[in-house]
Amino acid sequence: MGDILQSLVASIDPYLMQILVNVGIAIILALGLNVIVGLTGQLSLGHAAFMSIGAFTSAMITIKTGMPFSLNLAATGIVTAVVAAVIGFPILRLTGDYLAICTLGFAEIVKVFFLNFEPTNKALGLTVPSAKTVIPMPIYVWLIVVIAIVLVTFVQSSRFGRALKAIREDEIAAEAMGINTTRYKIQAFALGSFMAGVGGALYAHFLSYINPSDFGFLKSVDILSMVVLGGLGSVPGTVIGSSVLASAPEFLRFMSQYRMLVYGALLVFLMVFRPNGLLGGVNFTHLLLRAIGRKPSTNKGLKQK
Amino acid sequence: MFLQQLINGVALGSVYALIALGYTMVYGIITLINFAHGEIFMVGAFIGLLLVSYFKVNIFLAIIGAMIFCMIMGVLIELVAYRALRKSSRLSALISAIGVSIFLSSLALMVFGADAKGFPDTAFPVQQIHIGSADISTLQLLIIGVAAFLMLGLEFIVQKTKIGKAMRATSEDYNTSALMGINVNRVISFTFALGSALAAAGGVLVGVLFNAVSFNMGLMAGLKAFAAAVLGGIGSIPGAMLGGLLLGVSEVFGVAIGYSSYRDAIAFSILVLVLLVKPTGLLGQKITKKV
């Protein structure tokens, strides 16, 4: 089984494979942030910090224990989620931009912590041994992507997801309806961070080298732009947004030194012309129904903002 | 020793305060975190450097030149990247600001290269003044002096002039000010011009102080200045000054007692702690939420 998958992966162009894996990891991270920012409406500028916690935790687990990779991923996710809940408990009382700057500050603190943490080689970074699994890494990443998409889609329409949307639309009204806003916000934060941790673990084992400086503010911003660009709170939007942005530097590679310049300008123009994201306000169920020749129902009772 | 570090801290802190003022003014009026502000600070430093090393002008003229250049740039950025987004969600405007920031820093990387550039020694002759056990350089005095002068000037503009009154009114209530006949667009442009000018002055001062100007200096300085603005209470002008000084002084003291590798974490730890105790910052007004 492992050999067949291995040869399948080997038959794909390694450069293309690299891009595909980057896109996959970006989707996992962005979906996690989408739960926090898109569904719950809590602006976080520190998603990369949870990614780094996940990356270093899973790298250390692989180095110290040699646990099977699937167990490793689960443990990493849980550790990250617990850290997020512990941090979220005090800071999620803040709202709006105060919360944003607090998550940003926290992310900077995490980065400096790892830069000075002896067991992970401080600023030299950590070389990660290959994962203990028969499934090749690229396929593993895309398996997790599928699981993440299914998970977030289910969460969105569950009781839990509806509570999160209520908090996003109006926190006071949600509280008046008997929703324990603090508890739900912490749970959403933990769930998003769980996914960030798993994404970080995959990132660490795919690249086999991690450095605390890779998880700085710009990384958080990258993930946030994927979520906003695709359309806040929309799973297909997030998937497309992260695919576009994660592969954009590669498509722009032909203009070599101008590519970050173009990337910056692209972000501005996309926002100016599509302020709600590329797919913000696009209703996928309607599109799908129309495509198979059925008239979408006109019931717009629960239309998203 | 204490006096020495205090002066080092105040010099650094007054630069943070200069940058923080731009964040706080823009936030006060259109509730946008202007992430491009740190890059304006960086561009200001480069313009100052160019003026001093190629056009051989006096450091004060270089500061003024950088301020004028960045004023125009700030107004243009607002026009291109933010004005169209004023009615849409705040996150879109934030991403647009981040786009501008990436654009400017990569532009600077292309134009000026990746390595840090220093000011020529002749830019400002540094002398040491001994007061007790402390050595104060004339450079630090210059920084504190220029920063204090600019802040007093800002206070005058905001409190005593007509446009300042319009600024205060707009930050109080955007829609009502528009109804009262205030040209809100002009006020916002003016706010961006003021904030960018202060950041540019801060950029030149930091460039001279650390003798290093590089394309990525805007990010960390911008984040810390933003932290200073939030620490003081975002939207409050005296708050930004207080927050900047507080962060500068505590950072210098933190480094002095041996936490130099935690330098960047000090500012943010203080910020997080203060926000947990007083969620609207030190001088911020309490916002009552209405249903």
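Guide: One term before we start: helices here are DSSP runs of H or I with at least four residues, numbered from the N terminus. Keep in mind too that this is a predicted model.

Visitor: What's the phi of Asn211(B) like, positive or negative?
Guide: Positive, about 50°, although Asn211(B) is not a glycine. Most residues other than glycine have a negative phi.

Visitor: And is Asn211(B) buried or partly exposed?
Guide: Partly exposed, because Asn211(B) has 15 C-beta neighbours inside 10 Å.

Visitor: Now chain A. Where does Asn121(A) lie?
Guide: Asn121(A) is in the loop between H5 and strand S1 (126-127) of chain A. Its phi is near 65°, a positive value in a residue other than glycine. Asn121(A) counts as partly exposed, with 14 C-beta neighbours inside 10 Å.

Visitor: Switching topic: which helix holds Pro138(A)?
Guide: Helix H6 (residues 137-157) of chain A.

Visitor: Why does Pro138(A) count as buried?
Guide: Because 20 other C-beta atoms lie within 10 Å of Pro138(A), and 20 or more is the cut-off for buried.

Visitor: What does Pro138(A) touch?
Guide: Not counting residues up to four places away in sequence, Pro138(A) touches Val9(A), Met17(A), Leu20(A) and Val21(A).

Visitor: How do the axes of H2 and H6 of chain A cross?
Guide: Helix H2 (residues 14-39) of chain A crosses H6(A) at roughly 20°, and the axes come within 9 Å. That angle is under 35 degrees, so H2(A) is roughly parallel to H6(A). The crossing of H2(A) and H6(A) is left-handed.

Visitor: Which residues make that contact?
Guide: Among them are Met17(A), Leu20(A) and Val21(A) of H2(A), and Pro138(A), Val141(A) and Trp142(A) of H6(A). By class, the contact of H2(A) with H6(A) has 19 nonpolar, three polar and no charged residues.

Visitor: How about H3 and H10 of chain A, at what angle do they pack?
Guide: About 110°, for helix H3 (residues 47-64) and helix H10 (residues 217-230) of chain A, with the axes 7 Å apart. H3(A) and H10(A) are therefore roughly perpendicular to each other. The crossing of H3(A) past H10(A) is right-handed.

Visitor: Who's involved in that contact?
Guide: H3(A) brings His47(A), Ala48(A) and Met51(A), while H10(A) brings Lys219(A), Ser220(A), Ile223(A) and Leu224(A). The residues divide into four nonpolar, two polar and one charged.

Visitor: How many residues does each chain put into the contact between chain A and chain B?
Guide: There are 34 residues from chain A and 37 residues from chain B. On the chain A side, H5(A) supplies the largest share, 10 residues. That side of chain A has 25 nonpolar, six polar and three charged residues.

Visitor: Last one: which residues touch the most other members of the largest nonpolar core?
Guide: Ala66(B), Cys70(B), Ala200(B), Ala201(B) and Ala227(B), out of 196 residues in that core. Helix H1 (residues 2-30) of chain B gives the most to this core, with 17 residues.

Visitor: And what is Ala201(B) in contact with?
Guide: Leaving aside neighbours within four places in sequence, Ala201(B) is in contact with Leu18(B), Gly44(B), Ile63(B), Ala66(B), Met67(B), Val146(B) and Leu150(B).

Conventions: Residues numbered from 1 in each chain as written. Chains lettered and ligands numbered in written order. Predicted model: local features only at pLDDT ≥ 70, side-chain atom pairs only at ≥ 80, totals over all residues. Axes fitted to C-alpha atoms, helices over the stretch in contact; angles between N-to-C directions. Helix = DSSP H or I, 4+ residues; strand = E, 2+ residues; numbered from the N terminus. Parallel < 35°, antiparallel > 145°, perpendicular 65-115°, else oblique. Left-handed = near helix turned anticlockwise from the far one by under 90°. Contact = placed C-beta atoms within 7 Å. Nonpolar A, V, L, I, M, F, W, Y, C, P; charged D, E, K, R; others polar. Core = buried A, V, L, I, M, F, W, Y, C linked by C-beta atoms within 7 Å. Buried ≥ 20, exposed ≤ 12 C-beta atoms within 10 Å, placed from the backbone.
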